[in-house]
Amino acid sequence: MRVSICPGRYFADAMIWLVMACTLAIFDFHTYVDAATGVEEVPKLECLPGQTSAIKPFKYRLVPRSEERARLVRELAAEV
């Protein structure tokens, strides 16, 4: 029996790597701060049940590393 393997798997892997590298280059990740109370919410690492490994969604803040990078994101968002 011949097993079919996705020919785009290398492209998908490269794209995920590129998106993550660009995101980390542009933004700093910070813990979420509640606007009403000013209290910082430290996320708990909780996994979802199932056959694949996944974590439950959690709140966080993305802060651009500089004004130049923030402007770049705004310009790219306007093009979409």
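This report walks through the sheet, the helices, the salt bridges and the nonpolar surface of one protein model. The model is predicted.

**The sheet**

Start with the strands. Three of them form an open sheet, in the order β2-β1-β3. Their pairing is antiparallel. Strands β2 (40-41) and β3 (60-64) stand at the edges. Each has a single partner strand, so one side of each is left without a neighbour in the sheet.

Strand β1 covers residues 27-33. β1 pairs with β3 in the antiparallel sense, over five bridges. F27 has P64 as its bridge partner in β3. H30 has R61 as its bridge partner in β3.

β1 also pairs with β2, again in the antiparallel sense, over two bridges. Here V33 has E40 as its bridge partner in β2. The hairpin of β1 and β2 has six residues between the strands. In this hairpin, G38 takes a positive phi near 75 degrees.

**The helix across the sheet**

Helix α1 spans residues 9-26. It lies across β1 and β3. Its direction makes an angle of about 75 degrees with β1.

T23 lies in helix α1. Its relative accessible area is 23%, and T23 is partly exposed. How far apart in space are T23 and C47, C-alpha to C-alpha? The distance is 23 Å, and the two are 24 residues apart in sequence.

**A closer look at F27**

F27 is found in strand β1. Is F27 buried or exposed? F27 is buried, with a relative accessible area of 17%. The cut-off for buried is under 20%, so the value of 17% qualifies.

Which residues does F27 touch, leaving aside its neighbours within four places in sequence? The contacts are L62, V63, P64, R65 and V73. One of these, P64, is also the bridge partner of F27 in β3. P57 makes a contrast in distance. F27 and P57 are 30 residues apart along the chain, and their C-alpha atoms are separated by 19 Å.

**Salt bridges**

A search of the whole structure finds three salt bridges.

| Pair | N to O distance | Relative accessible area |
|---|---|---|
| D28 and R65 | 3.3 Å | D28 28%, R65 43% |
| R74 and E67 | 2.6 Å | R74 48%, E67 52% |
| E75 and R71 | 4.0 Å | E75 44%, R71 41% |

Take D28 and R65. Their side chains meet in a salt bridge. D28 lies in strand β1, and R65 lies in the loop between β3 and α2 (67-79). The pair therefore ties together parts that are 37 residues apart in sequence. D28 is partly exposed. R65 counts as partly exposed too. R65 is also among the contacts of F27.

Next come R74 and E67. Their side chains meet in a salt bridge as well. R74 is partly exposed, whereas E67 counts as exposed. The cut-off for exposed is over 50%, so the 52% of E67 qualifies.

Then there are E75 and R71. Where do these two residues lie? Both lie in helix α2. They sit four residues apart, about one turn of the helix. E75 is partly exposed, and R71 counts as partly exposed.

**The nonpolar surface patch**

The surface carries a nonpolar patch. It is formed by I16, M20, L24, F29, L45, I55, F58, Y60 and L62. Together these residues have about 910 Å² of accessible area. Which elements give two or more residues to the nonpolar patch? They are α1 and β3. α1 gives the most, with three residues.

Y60 is one of the patch residues. Its place is in strand β3. Y60 is partly exposed, with a relative accessible area of 43%. L62, also in the patch, is among the contacts of the buried F27.

**Putting it together**

Three strands form the open sheet, and helix α1 lies across β1 and β3. The nonpolar patch draws two or more residues from each of α1 and β3.

Note on methods: Residues are numbered from 1 along each chain as its sequence is written. This is a predicted model: local features need pLDDT of at least 70, side-chain atom pairs count only at pLDDT 80 or more; totals for chains, interfaces and linings use all residues. Side-chain values use heavy atoms; hydrogens and water are left out. Two strands pair if DSSP finds at least two bridges between them. Contact means heavy atoms within 4.5 Å. Axes are lines fitted to C-alpha atoms, for helices over the stretch in contact, and angles run from 0 to 180 degrees between N-to-C directions. Patches are made of residues with over 30% relative accessible area and no salt bridge: like charges are joined within 9 Å, nonpolar side chains (Val, Leu, Ile, Met, Phe, Trp, Tyr) within 5 Å. Accessible areas come from the Shrake-Rupley method with a 1.4 Å probe; for residues, only the protein chains shown count as cover. Buried means under 20% relative accessible area, exposed over 50%, partly exposed in between (1.4 Å probe, protein chains only).
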